[in-house]
Amino acid sequence: MIVLHTQDELHQFLSTLLPSQTIGFVPTMGALHAGHLSLLTAAAEQDDVVICSIFVNPTQFNESSDFDSYPQVLVEDTELLKKVKVDVIFAPKVSEIYPEGTAHIPHYDIGEMDYILEGEHRPGHFQGVCHIIQIFLEMIKPTHIYMGEKDFQQAMVVQRLINLKGHNTILVPCTTLREPSGLAMSSRNRLLSAEATARAAALNKALNFISEHSATHSFESLKMQADEMLEASGFEPEYIALCEAASLAELENFDHTKNMRLIAAAFIEGVRLIDNIAVDVKK
Ligand code: AMP
């Protein structure tokens, strides 16, 4: 495993590969956990060469305080990555990726994704995501890019970017890894006290509660109860949305002829957590 910091070093490494070698790419913002490792393991199973980027991308943060508090622990991450097969860690500085600053980035036409769900609550977020992924895809030209369903809309946005720019890269979606409590693993969980970490399992519980009762109750009534469950656990709910999984179009009520997804964001101790699950009627 080698750690590279510049585009020149990365190009130099890529030039040593044979055209027949496949590349699996896992973009991350570091503060790695078992969820990230599961993506890297999937890449190692399928690809000859595994590249993991660690880059806290400023252009996808709509709040500078969120960017400033985002955990950055490269030494710890590098140690953790020794547990899995990673060939290259690409950990550039912000100035390496944005030599002319971050004030102006191109616009990516991702349609309604820009302003629904996460796009609505984090204006500009997906434009920043598109820009950094576009830079990495052009640089690395990976065979596969591995994206977690934890960030369900983000994976859809990256698929749109791949189509928009005509990349040959295939997106591989990976399931969400959870703590035994059900809490989705997240780098942001590090920012929580032990007590809030225990209470934060309520986010996943609230979504499961809605899903489990979806055959017999309206979404509106279940959402009200889910919001109460979240508040009782110390969360400030931001949104819980019921969506058609394929398009993320919001649904007012359950339609069990469709694949549906529940998507939510909520704050606990000022930390914004997200989660999503498939709506699954227990028979
Ligand atoms: P991040 O470092 O948060 O930008 O995440 C990097 C990649 O890891 C993204 O594709 C995420 O969706 C994915 N990821 C984050 N948390 C999890 C998790 N708990 N399980 C699976 N994948 C995850």
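Gln 153 has its place in helix H8, which runs over residues 152–165. In this predicted model, the residue has a relative accessible area of 4% and therefore counts as buried.

## The ligand and its shell

The ligand is surrounded by 16 residues, and the closest of them are His 36, Gly 148, Asp 151, Leu 177 and Met 185. By residue type, this shell divides into 7 nonpolar, 7 polar and 2 charged members. Three elements each supply at least two residues of the shell, namely strand S2 (23–28), helix H2 (34–46) and strand S5 (144–148). Of the contributions to the shell, that of H2 is the greatest, with 3 residues.

For Asp 151, a polar side-chain atom lies 2.6 Å from a ligand oxygen. On its own the ligand has 480 Å² of accessible area, and the protein covers 94% of it.

## Aromatic pairs

A pair of aromatic rings is described by two quantities, the distance of the centres and the angle of the planes. With centres required to lie within 6.5 Å, the count comes to 7 aromatic pairs. In one of them, the rings of Phe 25 and Phe 136 have centres 5.6 Å apart and planes at 80 degrees, so the arrangement is edge-to-face. This pair links distant parts of the chain, since Phe 25 belongs to strand S2 and Phe 136 to helix H7 (residues 125–140), and the two residues are 111 residues apart. Phe 25 counts as buried because its relative accessibility is 0%, and Phe 136 is also buried, with a relative accessible area of 3%.

A further edge-to-face pair is formed by Phe 219 and Phe 254, with 5.9 Å from centre to centre and 85 degrees between the planes. Here too distant parts of the chain are linked: Phe 219 is in helix H11 (residues 219–232), whereas Phe 254 is in the loop between strand S7 (236–244) and strand S8 (260–268), 35 residues apart. Phe 219 and Phe 254 are both buried. Ring pairs also join Phe 25, Phe 55, Phe 90, Tyr 98 and Phe 136 into a cluster.

## Helix H7

H7 is followed by Lys 141, whose phi is positive, near 45 degrees.

## Positive phi in two loops

Most residues other than glycine have a negative phi. Against that background, Ala 31 has a positive phi, near 50 degrees, and its place is in the loop between S2 and H2. Both of these elements supply at least two residues to the shell around the ligand. Ala 31 is buried, with a relative accessible area of 1%.

Leu 248 also has a positive phi, near 65 degrees, and has its place in the loop between S7 and S8, which is the loop that holds Phe 254. With a relative accessible area of 1%, Leu 248 is buried.

Arg 272 lies in strand S9, which covers residues 271–278. Its relative accessible area is 13%, and the residue therefore counts as buried, given that the term applies under 20%. The C-alpha atom of Arg 272 is separated by 9.4 Å from that of Asn 189, although the two residues are 83 residues apart along the chain.

How values were computed. Residues numbered from 1 in each chain as written. Predicted model: local features only at pLDDT ≥ 70, side-chain atom pairs only at ≥ 80, totals over all residues. Heavy atoms only, no water. Near = heavy atom within 4 Å. Polar contact = N/O pair within 3.5 Å; in protein donor to acceptor, adjacent residues only side chain to side chain. Areas by Shrake-Rupley, 256 points an atom, 1.4 Å probe, with all protein chains shown as cover. Helix = DSSP H or I, 4+ residues; strand = E, 2+ residues; numbered from the N terminus. Nonpolar A, V, L, I, M, F, W, Y, C, P; charged D, E, K, R; others polar. Phe/Tyr/Trp six-rings, centres within 6.5 Å; stacked < 30°, edge-to-face > 60°. Buried < 20%, exposed > 50% of the residue type's maximum accessible area, 1.4 Å probe, protein only.
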